[in-house]
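Please consider the following protein chain together with its model.

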Amino acid sequence: MKIPVTTLLLIMMAFHESSSGIPIKKRNCDEICPENFVDFLGHCYQYFGKETTWSEAEENCKHYEGHLASVPSAEVNNFIISLIKKSNGNTLAATWLGGYNTVKDGTFMWTDGSKFGFQHWNENQPDNYGGYEHCVHIIGGNTGVWNDLSCSTKLAYVCAI
């Protein structure tokens, strides 16, 4: 019995794993997100509640061939806030994002190399308090605004691919 090539391709895609061995699922005809990631505006996001330092969080995101989440717009910021709340019983936990300023103080960048255009800083932030706050996080609570914080602080994080 001959099986059409398109049928074989569909079967292969159903059992496909990424090169890192992480199971992936088909989202639609054009895009694929790893299991447990959520699609939003062409990117895949996942909240991780295990608290780690900023650099450990970035390394963990690289295991998924991604980075800590960059935030190019209010729409993405609001989506990330809702993702965090959904994972925490409607509570907004303090969470690492991919912003940092370790190269030149006051000049922030995203770990994925995208432009640091949209900003949602808390009042009087960033302030580099004590001269050692170089990493960006969403402040826990209700507002979803950002703060700069010591990168060695352990927080939850959001990966994006």
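How many disulfides does a search of the whole structure find? The search finds 3 disulfides. The model in which they occur is a predicted one, and the confidence of the prediction therefore deserves attention before the details are read, since pLDDT is the predictor's confidence in each residue. The mean pLDDT of the protein chain is 83, with 78% of the residues at 70 or more. Residues 1-30 are a stretch where pLDDT stays under 50, and for them the model has 29 contacts beyond four places in sequence.

Of the 161 residues in the protein chain, 39% are buried. Among contacts with a separation of 6 or more, 61% are between residues 24 or more positions apart.

A disulfide is a covalent bond between the sulfur atoms of two cysteines. With bonded cysteines counted along the chain, the pattern of pairing is 1-2, 3-6, 4-5.

One of the pairs is formed by Cys-33 and Cys-44, whose sulfur atoms lie 1.9 Å apart. This pair links distant parts of the chain, with Cys-33 in strand S2 (residues 32-34) and Cys-44 in strand S4 (residues 43-52), 11 residues apart. The value about the S-S bond is -90°, and the link of Cys-33 and Cys-44 is left-handed. Cys-33 and Cys-44 are both buried.

Another disulfide joins Cys-61 and Cys-159, with 2.0 Å between the sulfur atoms. Because Cys-61 belongs to helix H2 (residues 54-62) and Cys-159 to strand S10 (residues 155-160), the pair ties together parts that are 98 residues apart in sequence. The torsion about the S-S bond of Cys-61 and Cys-159 is about -85°, so this disulfide is left-handed. Cys-61 counts as buried because its relative accessibility is 0%, and Cys-159 counts as buried for its relative accessibility of 0%.

The buried residues of H2 are Trp-54, Ala-57, Glu-58 and Cys-61. Why do they lie on the same side of H2? They cover an arc of only 100° around the axis, and this places them on the same side of H2.

The remaining pair to describe is that of Cys-135 and Cys-151, with sulfur atoms 1.9 Å apart. Cys-135 lies in strand S8 (residues 133-138), whereas Cys-151 lies in the loop between strand S9 (146-150) and S10, so the pair ties together parts that are 16 residues apart in sequence. With 95° about the S-S bond, this link of Cys-135 and Cys-151 is right-handed.

Finally, the largest pocket may be examined. The largest pocket holds about 160 Å³ of space. Its lining comprises 14 residues, and those nearest its centre are His-43, Ser-70, Asp-112, Ser-114 and Ala-160. At least two residues of the lining come from each of S4 and strand S5 (67-68).

How values were computed
Residues numbered from 1 in each chain as written. Predicted model: local features only at pLDDT ≥ 70, side-chain atom pairs only at ≥ 80, totals over all residues. Heavy atoms only, no water. Disulfide = S-S within 2.5 Å. Helix = DSSP H or I, 4+ residues; strand = E, 2+ residues; numbered from the N terminus. Buried < 20%, exposed > 50% of the residue type's maximum accessible area, 1.4 Å probe, protein only. pLDDT = per-residue confidence, 0-100. Contact = heavy atoms within 4.5 Å. Arc of directions from axis to C-beta. 1 Å grid on protein atoms, 1.4 Å probe; cavity = no way out; pocket = protein on both sides within 12 Å on 5 of 7 lines; lining within 4 Å. Points joined across faces, edges and corners; volume = space filled by probe spheres on them.
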